[in-house]
Amino acid sequence: VVEHPVRITAEEDDLVRPRLGVFFRIVLAIPHYILLNTLGAVAIMLAPFVWIATLFTGIPPAALTDFYRSFLRYTLHVSAYLTYAARPYPPFLGGPGSYPVDVAFPPYERQSRWSVGFRFFLALPAILLTIAHGSGLALGMALGGTLTGIWLLGWFACLARGRMAPGMKDLAVYSAGYGIQAFAYLFLLTGRYPDSDPALYPSAPLPAHPVRMTGLDDAPRRSRMLVFFRLMLSTPHFLWHQLWTIVALVAWVLAWLCALATGRVPWPLHRFLAAYVRYTTHFYAFFYLASNPFPGFVGTAGSYPLDVAIDPPAPQPRWGVLFRVVLVLPALLLVQILMLLQYATAFLSWWAALFTGRQPRGMRNAQAYALRYNAQVWAYGLLLTARYPYSGPGDWAQPKPVAELAPALVSWFTHPELP
Amino acid sequence: VSRRAAANLVLAVIAVAGAIVGAILLSKTTIPGDLKTPKIDVAREFAGTDLGDAAAFERLLRWTFIGSQVTLVVVLALYAKHGARYVRDSAAGPIGTGFLLGMLGLAFVWIAQLPFHVVDYWWAHKHDVVEVGWFDFLFGDWLALSAQFLFVCFALLLAMGFARRLARTWWLPAAAAFVALTLLFAYISPLLASGLRDPKGPQLRAEAAEIARKEGVPSIPLKVEEVHEITDAPNAYAFGLGSTRKVVLWDTIVGFPRPQVRVVIAHEYGHQAHHHIIKSVGWTALVLIPTALLVSLLTRRRGGMARPEAVPVALLVFIVLTIVATPLESAASRRFEREADWSALRTTRDPAAMKGLFQRFTSEALADPDPPGWYHALFDDHPSGAERVAMAKAWAAREGVPVP
């Protein structure tokens with residue numbers, strides 16, 4: 001893993017977001033929208049000149065490069081503000097270090113003329129991913145994508161609790177940061193391709209959770225035949241997953257009744273539902289090309305390179321069980337939003353793996369993050385754990401004890417002992 | 001000779017005798033044994049149709065068919081030799097890995113046959129036999145391909161499931177299960193069919209009911225299937241078993257002259273009256289049981305069907321045996337078709353209409369009335385146009401009706 005020259009930084013903060021500022025945030029951002037869109041129009045108009053100049057000299061013109069740096073930094077500041085990743089009102093065209101979420105650009109560098117010549121076409125896959133990330137939010141140009149979802153969910157979360165969920169903050173930094181890297185590449189500020197690996201973006205350590213992803217050191221090799229026919233080969237799994245989902249829903253109703261009555265899910269039901277969550281993860285890991293081998297059909301623990309470890313059943317607060325269907329809705333919405341990122345990543349991975357026989361590391365890790373969150377959401381919804389899913393990409397190398405973490409969106413409801 | 005070997009020999013003799021008796025029973029026909037069909041001068045009988053165009057059209061299709069069959073065998077032979085390496089790309093356990101290998105085999109076959117399908121489509125499109133565009137041709141069949149992938153998985157689930165339980169004798173219950181499934185599918189396929197409607201106009205319905213009554217199957221309904229957006233080719237078929245039996249006309253044939261439509265309807269009711277669908281299942285059973293036995297024997301070197309490494313070999317053996325059995329099945333099919341033609345002649349008493357119908361098939365569907373003998377014997381599942389006109393003439397001569 002090599003650090004990207006366009007380096008995204010995020011200061012640690014207490015995540016407090018005053019409700020009044022949150023409530024009116026989109027209105028307060030209107031002056032920024034106007035200025036950003038004006039600058040954006042100028043940036044697009046100047047782009048051909050920068051391209052031609054760089055094509056001839058090999059180095060982008062300094063004055064215009066400074067303009068693009070300021071524009072992209074400003075875009076990141078406004079994105080972070082809109083998605084509650086940072087608290088303060090952003091400065092207009094703030095300089096380096098002027099905002100908690102910031103970007104450091106590399107010095108002027110000579111770039112390959114071939115790369116410059118085809119830059120627009122080379123950047124297209126990255127632009128597809130920025131669309132999935134919703135990176136146009138700061139310009140009012142995102143109709144969907146991760147940042148839009150965070151903007152919506154974070155608004156309710158901050159209004160309800162006066163704090164931003166730490167996972168969503170990290171996710172916002174990741175999504176906005178990827179967009180900045182992509183546009184820095186497109187506007188010739190760097191010759192390095194944007195990196196979709198969430199591990200390269202600032203993030204709090206992944207909290208200890210009863211549902212954990214394992215096997216992240218899986219080899220990147222992909223069988224081209226399995227890649228080419230991935231959709232067709234997934235057909236029996238599609239059918240089997242549908243059938244299993246029906247049975248899992250019945251088991252969930254039984255588990256819900258048992259958990260309401262006794263405060264915990266009986267072991268056989270827990271085991272069955274855990275196998276379902278594992279199987280779903282194996283199947284999705286295969287379908288989205290996050291892993292190579294054809295998965296099994298029974299969700300056996302440890303049977304697949306990308307796997308989910310699920311703790312045994314534990315007592316659960318009855319109120320949390322009673323309202324689980326409602327409580328899981330925000331997380332399910334985020335799962336749906338992340339599916340756009342998964343589809344885009346899978347589409348790009350399909351081409352990459354077909355030509356190179358390998359899955360790009362960044363895209364694999366982005367998929368693994370989405371799969372982990374998906375597994376945690378389903379585990380929470382299916383009563384396998386009372387712990388709310390953690391939406392941040394997380395630095396999975398350093399798990400952190402739960403007590404050190406800020407509570408998640410509704411954790412007070414399920415774990416009232418936490419602050 | 002050990003007692004076990006002797007017992008196996010006796011069982012084999014009984015099985016072969018049973019198969020022969022079964023084949024004799026299934027081959028029984030109502031066509032008189034002494035029927036002499038006249039030799040046909042194709043150029044004269046099919047005057048007015050473009051025989052050269054039909055022959056040229058089918059000539060290319062015949063060669064692409066032969067080419068695709070040879071390619072199929074070559075690809076599966078290579079896959080049988082090297083396919084087991086894909087075991088390392090599975091985390092699915094023996095049966096799941098078998099699914100993967102089976103689906104990959106199908107995928108290789110699909111890729112290898114795609115060029116032949118493209119040529120066939122281009123040729124048919126050039127001759128206005130199909131109406132679908134290139135986009136629909138390339139992407140319209142993905143659902144059908146998915147269904148094939150699913151079918152391969154299901155077949156392997158049965159075969160490998162029995163093999164894991166019964167070791168060497170798995171082929172017998174597996175073959176029985178496949179025959180039972182074939183029967184089930186034959187029964188339910190009319191229930192799954194969509195896009196069938198009642199024929200428009202009371203006259204056609206009344207005529208169909210009259211023909212069904214004469215054929216002795218008054219309760220079987222006639223339906224029409226809308227296919228004119230896909231193809232101009234005329235066709236009709238009979239399907240279903242027991243209470244699900246139906247006769248279906250493509251809407252491309254409904255506009256034919258009414259006497260010819262009556263012949264088509266009578267032909268299809270003839271299939272139902274003479275129980276050709278259940279007899280076809282019988283033929284399938286006669287082929288399937290020895291096929292399963294040979295698959296069982298020839299996969300033992302790879303550890304038997306219980307092991308996924310045997311799946312590529314099993315695919316090869318199955319396809320080769322299916323190709324080898326094609327002449328037998330084609331002959332059985334041609335026999336059924338002849339009987340249905342005979343039944344239609346008895347019901348409609350209109351040999352001139354039958355002759356006109358097959359002339360029309362030549363001019364509109366470019367069906368070659370006189371294909372090469374070797375190809376006809378090996379692969380054609382219907383009598384040639386010339387043979388069918390000859391039968392019409394023979395019936396007319398026998399019944400004292402003016403010979404067309």
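How much accessible surface does chain B have, and what share of it belongs to carbon and sulfur atoms? The accessible surface of chain B comes to about 19,700 Å², and 64% of that belongs to carbon and sulfur atoms. Accessible areas here come from the Shrake-Rupley method with a 1.4 Å probe, and for residues only the protein chains shown count as cover.

Some conventions before I go on. This is a predicted model, in which local features need pLDDT of at least 70 and side-chain atom pairs count only at pLDDT 80 or more, while totals for chains, interfaces and linings use all residues. Residues are numbered from 1 along each chain as its sequence is written, chains are lettered from A and ligands numbered from 1 in the order in which they are written, and side-chain values use heavy atoms, leaving out hydrogens and water.

Chain B, then. It has 15 helices and 5 strands; these are DSSP runs, H or I of at least four residues for helices and E of at least two for strands, numbered from the N terminus. The C-alpha atoms of chain B fill a box of roughly 65 × 55 × 40 Å along the principal axes. Taking contact as heavy atoms within 4.5 Å, 78% of the contacts in chain B between residues at least 6 apart in sequence join residues at least 24 apart.

One residue of chain B: B:H82 sits in helix α3, residues 51-82. B:H82 is partly exposed, at a relative accessible area of 37%. Its C-alpha atom is separated by 42 Å from that of B:L241, which is 159 residues away along the chain.

Now the interface. Which residues of chain A supply 35% of the area that chain A buries against chain B? First the totals: 19 residues from chain A and 21 residues from chain B take part in the contact. The buried area, that is, the accessible area (1.4 Å probe) that two parts lose on being put together, summed over both, is about 1,700 Å² between chain A and chain B, with carbon and sulfur atoms giving 80%. The 35% comes from A:M225, A:M232 and A:F294, more than from any other three residues.

Last, a residue in chain A. A:S115 lies in helix α5, residues 113-117, and is buried, with a relative accessible area of 16%. Leaving aside residues up to four places away in sequence, A:S115 touches A:L122 and A:Y185.

Notes: Buried < 20%, exposed > 50% of the residue type's maximum accessible area, 1.4 Å probe, protein only.
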